[in-house]
Amino acid sequence: MGVEMPAAAKKLSFLSSLGKGPGHVDIDLRDGVKNMDSDMSKSTLESEVHYCAVHPERDTGLRCNRCERYMCVDCAKRTPVGYTCRECVRGHEDRFFEGTILDYGLVAAACAVGGALTPFVMLLLGGFLILGFIVAPAIGGGAAQIALQLTGRRRGRYSGYVAAGGVLAGGIASAFLLAGGFGLFTLLYLALAASAAYARFKVSI
Ligand SMILES: [Zn+2]
Ligand SMILES: [Zn+2]
């Protein structure tokens, strides 16, 4: 007891001899960092005010993760890898869609043949109308698949619409030639075939 008391007193006197103590040093450091931060952000604000490349009146800190241009929130498109400007998003799509005019022609022709076959096959099926709900999409999808193979699997921005249009045009022409017109079911089958053809070309980016 008599030995412990002076030891504790020595420790207390040591701490007080440091004056402010180690705790105060920590606070000083933190204040310094805080000051440095505010100095940095102040200088960033002063020297680097950026404006949207499309809207020069809007200042922004947002940059495109592809071309690094500055852009406002209206121009930014959110992608899985960050914010991208509209032009880069579109450029990305254009690179993805590499279909040519000739490809569109091939797609339209192949799908028109598929469409033309649809009322013919329905005529063969006769009374089995339910079967048409399976067969019609199969014909449309099959025609689109052939079209994809003919064009080396190249897709154009509008390939899906061209395919669906081809199926409808071929189907309507064939329905008139075959049966002298088309009924509600023929129209329904053609719609199914066309949407199956469209779906074959629809891809997610
Ligand atoms: Zn960009
Ligand atoms: Zn903008």
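**Notebook: a walk through the predicted chain**

I started with burial: 28% of the 205 residues in the protein chain are buried. A reminder to myself that this is a predicted model.

**Entry 1, the overall layout.** I counted secondary structure next, and the protein chain comes to 7 helices and 2 strands. Reading along the sequence, I noted the pattern α-α-β-β-α-α-α-α-α. I also looked up the contacts between residues at least 6 apart in sequence, and 63% of them join residues at least 24 apart.

**Entry 2, the strands.** How do β1 and β2 pair, in the parallel or the antiparallel sense? I found strand β1 at residues 76-79 and strand β2 at residues 82-85, paired in the antiparallel sense over 4 bridges. The two form a hairpin, with 2 residues between them. I checked one bridge by name: Thr79 has Gly82 in β2 as its partner.

I moved on to the helices. Two packed helices are described by the angle between their axes and the distance between the axes. For helix α4 (residues 101-125) and helix α5 (residues 129-150), the axes come within 8 Å and cross at roughly 155 degrees. An angle over 145 counts as roughly antiparallel, and α4 and α5 are therefore roughly antiparallel to each other. I noted their crossing as right-handed. From α4, the contact residues include Leu106, Val107, Ala110, Cys111 and Val113. From α5, they include Leu131, Gly132, Val135, Ala136 and Ile139.

Which helix residues meet where α4 packs on α7? On the α4 side I listed Cys111, Gly114, Gly115, Thr118, Pro119 and Met122. On the α7 side they meet Thr186, Tyr189, Leu190, Ala193 and Ala197. The contact of α4 with α7 divides into 7 nonpolar, 4 polar and no charged residues. Helix α7 spans residues 184-201, and the angle between α4 and α7 is about 145 degrees, with the axes 10 Å apart. This crossing is right-handed. Cys111 of α4 is also on my list for the contact with α5.

I picked out Ser159, which sits in helix α6 (residues 159-179). Is Ser159 buried or exposed? I found 27 C-beta neighbours inside 10 Å, so Ser159 counts as buried; the cut-off for that is 20 or more. Leaving out residues up to four places away in sequence, Ser159 touches Gly99, Tyr104, Val107 and Phe201.

I went looking at backbone angles and stopped at Glu68, which is not a glycine but has a positive phi of about 65 degrees. Glu68 lies in the loop between α2 (21-47) and β1. With 10 other C-beta atoms within 10 Å, Glu68 is exposed. Arg153 went into the notebook too: its phi is positive, about 65 degrees, although Arg153 is not a glycine. I placed Arg153 in the loop between α5 and α6. Arg153 has 11 other C-beta atoms within 10 Å and is exposed.

Key: Residues are numbered from 1 along each chain as its sequence is written. Chains are lettered from A and ligands numbered from 1 in the order in which they are written. This is a predicted model: local features need pLDDT of at least 70, side-chain atom pairs count only at pLDDT 80 or more; totals for chains, interfaces and linings use all residues. Axes are lines fitted to C-alpha atoms, for helices over the stretch in contact, and angles run from 0 to 180 degrees between N-to-C directions. Angles under 35 degrees count as roughly parallel, over 145 as roughly antiparallel, 65 to 115 as roughly perpendicular and the rest as oblique. A crossing is left-handed if the near helix is turned anticlockwise from the far one by less than a right angle, and right-handed if clockwise. Two residues are in contact if their C-beta atoms, placed from the backbone, lie within 7 Å. Two strands pair if DSSP finds at least two bridges between them. A residue is buried if 20 or more other C-beta atoms lie within 10 Å of its own, exposed if 12 or fewer, and partly exposed in between; C-beta atoms are placed from the backbone. Ala, Val, Leu, Ile, Met, Phe, Trp, Tyr, Cys and Pro count as nonpolar, Asp, Glu, Lys and Arg as charged, and the others, Gly among them, as polar.
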